[in-house]
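Work through the exercises below with the sequence and the coordinates at hand. Each task is followed by a worked solution.

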Amino acid sequence: MWSSERFRNIVYQIALLSLVGALIGYAAYNLVHNLESRAIAIGFSYLGQEAGFDVSEKLIDYEPTHSYARAFVVGLLNTLFVSAVAIVAASVLGLVVGIGRLSPNWLLRKLAGAYVESVRNVPLILQLLLWYGVLTELLPPVAEAIVLGSAFLSQRGISLPWPTPHAGWWAALLGLFLAVLFAFLWARAVRRRRERAGRAPAVLWPSLAAGVVLPLAGWAVFGAPSELSTPAMTGFGFEGGKTVSPEFIALFLGLSVYTAAFIAEIVRGGILSVSRGQSDAAEALGLSRGQRLRLVILPQALRVMIPPLTSQYLNLTKNSSLAVAIGYPDLVSISNTTLNQTGQAIEAITLMMAVYLAVSLAISGLMNWYNHRVRLVER
Amino acid sequence: MHPPATAHRPFAARSLDWLRENLFSTPANALITLITLALLLWAGSSFVSWAVLHAVWGRADVATCNALFGQGACWAVIADKWRHMLFGIYPQGEQWRSALAVVIFCAIIVLSAMRAFWHVWRLLALWLSGSLLCAWLLAGGFALTPVPTALWGGLPITLMLAVFGTLFAFPLGILLALGRRSALPIVRAASIVYIELVRGVPLITVLFMASIMFALFLPEGVSFDKLLRAQVAIVLFNAAYIAEIVRAGLQALPRGQYEAADALGLGYWQTQLLVILPQALKITIPAQVNSFIDNFKDTSLVIIVSIFDFLYAVRQAVISDLDWRHYFVEGYLFAMAVYWLFCYAMSHYSQWLEKHLSRDHRL
């Protein structure tokens with residue numbers, strides 16, 4: 001029987017399964033025993049308890065009297081928010097630097113190269129600590145804040161004038177959202193028409209017009225509010241306006257500057273992967289350098305760029321967990337506080353890992369879908 | 001045949017040609033050049049004035065630095081604290097051992113870059129003997145004064161986490177890669193779950209798991225050293241990434257190699273060890289170097305679970321001293337320079353290797 005490969009394979013797999021099972025069983029046994037002797041109850045019921053700690057930055061309403069579950073959501077939203085903003089900034093900066101690395105201008109090329117080489121060879125956490133140190137120690141204290149118009153720059157971050165809540169502002173935001181929706185649908189309709197009739201109306205101008213008119217209309221219809229809350233110096237900080245904390249700025253700058261260096265290399269590789277004939281053909285059609293890049297090279301380069309870009313976006317999101325080193329209340333930092341207060345280490349860490357896993361899968365799913373859409377359709 | 005006309009032209013004229021072609025080819029290009037030049041001059045001159053011209057060099061007391069605060073860099077902080085920055089709180093009299101360990105770790109890295117060592121047994125012998133020697137130097141025993149791991153710190157720890165983190169992750173990564181391509185469904189599923197699970201979460205969460213959660217899974221009274229736990233976490237984390245690189249190498253091999261091995265009557269392990277892996281691993285060398293660089297940079301995350309690595313030592317040396325704490329920028333710049341030197345050298349080596357290997361048909 002042993003000479004049958006099928007039989008051997010089944011035996012090997014049963015052996016592996018029992019080994020893994022035994023390890024898990026042993027760990028679980030120890031775990032239950034340890035938790036019993038420390039009088040910690042297993043389970044997620046702690047999530048319903050009052051958290052009791054405050055969070056300095058939150059996108060939704062949160063008080064110390066709220067539950068641990070809500071604190072966790074606050075942390076998750078902070079992680080998602082800073083990642084989303086940094087992904088956009090890193091992509092833009094990376095695109096600019098990547099194109100700069102292939103510029104015909106020698107100086108620009110070298111400068112872009114120096115940026116990439118100096119940024120990506122230093123650990124991100126060190127860059128974050130430096131940004132944070134500079135923002136909190138070297139900027140002037142609140143009383144001597146640098147005044148930029150009606151904004152202030154100090155150790156407490158940037159304080160900006162901000163609209164006071166009013167239905168008109170929300171209507172404007174809704175208008176902007178509708179404009180984006182319109183632009184999207186309009187572009188699709190135009191593309192269909194071009195494919196059918198050969199010529200079609202412009203996309204850019206109507207979309208831009210909608211982007212200006214719709215928010216303005218919403219703003220005007222709901223009372224045209226003009227009241228801005230301007231920051232005013234008080235003893236310890238600023239009152240009114242919107243204050244962006246140094247923790248957020250440092251994390252945002254660190255993540256975008258670091259990831260941009262990697263994205264620049266992806267952009268460069270993508271552009272170089274488009275064959276020279278494409279660029280020559282576009283030049284023969286009389287397109288300018290900018291048009292060649294925008295209409296011919298980049299759309300083709302994008303196909304090559306998407307898979308590595310996906311892993312950079314994933315890296316950025318995972319790297320946002322370094323927030324805990326500079327005190328930005330992200331998912332890790334809030335989970336850490338929670339597990340220190342409740343002792344529910346297993347649950348808190350498992351929950352945190354599960355959420356990161358879910359976010360990673362969601363991002364790669366989204367990018368795979370996009371990759372599928374822009375793939376080359378061959379005859 | 002006449003040589004090209006440019007060869008006869010004087011140097012000045014050729015330089016002008018170069019300038020015209022590379023910096024002032026079009027009006028837009030000229031504008032970009034001027035703007036970039038202005039920015040560079042402004043940033044460069046303020047940096048040089050701060051870092052060189054008005055800086056305090058060599059040993060000096062805090063008062064000298066404070067007098068120039070904001071105008072000039074205080075490199076005196078590094079002259080004063082470099083031992084703490086490099087070796088942490090390792091006993092002063094024994095720090096030569098830390099220094100020697102750093103030298104040996106660097107030697108391991110440099111020697112592995114040489115082609116003469118590109119042989120499984122030579123590499124294994126080099127890494128194992130070097131690592132054991134370093135472990136002995138740091139830990140002591142056998143004629144050296146024992147030093148508990150709680151006192152280890154600085155650059156040797158960073159290098160140790162990176163070198164051990166690769167050495168032990170490598171066999172595990174190969175096994176996982178083979179497992180992921182295995183015909184046995186349970187082995188394949190287990191490998192996929194492990195690899196994707198680890199790659200989906202940040203290293204910090206794995207370090208947290210090792211430093212906080214791990215103790216709960218062990219029988220009461222049994223505990224591992226904190227440094228060892230972080231090291232194990234790094235090994236387990238790296239293994240998933242190495243597995244994906246090895247898998248790419250395995251996929252790049254043509255089917256014929258497997259079929260040829262089959263025809264020779266080799267079994268599974270003989271096929272893998274004698275035919276497939278030697279070829280697949282060679283293809284992945286540049287990717288492995290890049291992964292080692294990432295790993296080297298990532299070791300700095302251990303400061304979050306309070307492991308005394310190089311970054312932790314630099315930070316502690318400056319921040320914990322009330323007199324010097326304003327000069328953290330100089331301290332961080334020093335740390336950046338050290339990390340940069342290692343990573344830049346390795347990444348250039350990897351680029352050179354990639355070019356070299358793609359031309360070399362024997363590989």
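**Exercise 1.** Which residue in β8(A) is the bridge partner of A:I158?

Solution. The model is a predicted one. Start from strand β3 of chain A, residues 157–160, which is joined to β8(A) by three bridges. The two strands run antiparallel. Reading across from A:I158, the bridge partner in β8(A) is A:V244.

**Exercise 2.** Find which residues touch the most other members of the largest nonpolar core, then list the contacts of A:L128.

Solution. The core holds 150 residues, and A:L128, A:L251 and B:L207 touch the most other members. Helix α7 of chain A, residues 246–273, gives the most to this core, with 14 residues. Leaving out residues up to four places away in sequence, A:L128 touches A:A250, A:L251, A:G254, A:L322, A:A325 and A:I326.

**Exercise 3.** Describe the side of chain B that touches chain A.

Solution. Count first: the contact takes 45 residues from chain A and 43 residues from chain B. On the chain B side, elements giving two or more residues include α2 (27–53), α9 (185–200) and α16 (328–359). The most come from α16(B), with ten residues. Sorted by class, this side has 31 nonpolar, nine polar and three charged residues.

How values were computed. Residues numbered from 1 in each chain as written. Chains lettered and ligands numbered in written order. Predicted model: local features only at pLDDT ≥ 70, side-chain atom pairs only at ≥ 80, totals over all residues. Core = buried A, V, L, I, M, F, W, Y, C linked by C-beta atoms within 7 Å. Buried ≥ 20, exposed ≤ 12 C-beta atoms within 10 Å, placed from the backbone. Helix = DSSP H or I, 4+ residues; strand = E, 2+ residues; numbered from the N terminus. Contact = placed C-beta atoms within 7 Å. Nonpolar A, V, L, I, M, F, W, Y, C, P; charged D, E, K, R; others polar. Pairing = 2+ DSSP bridges.
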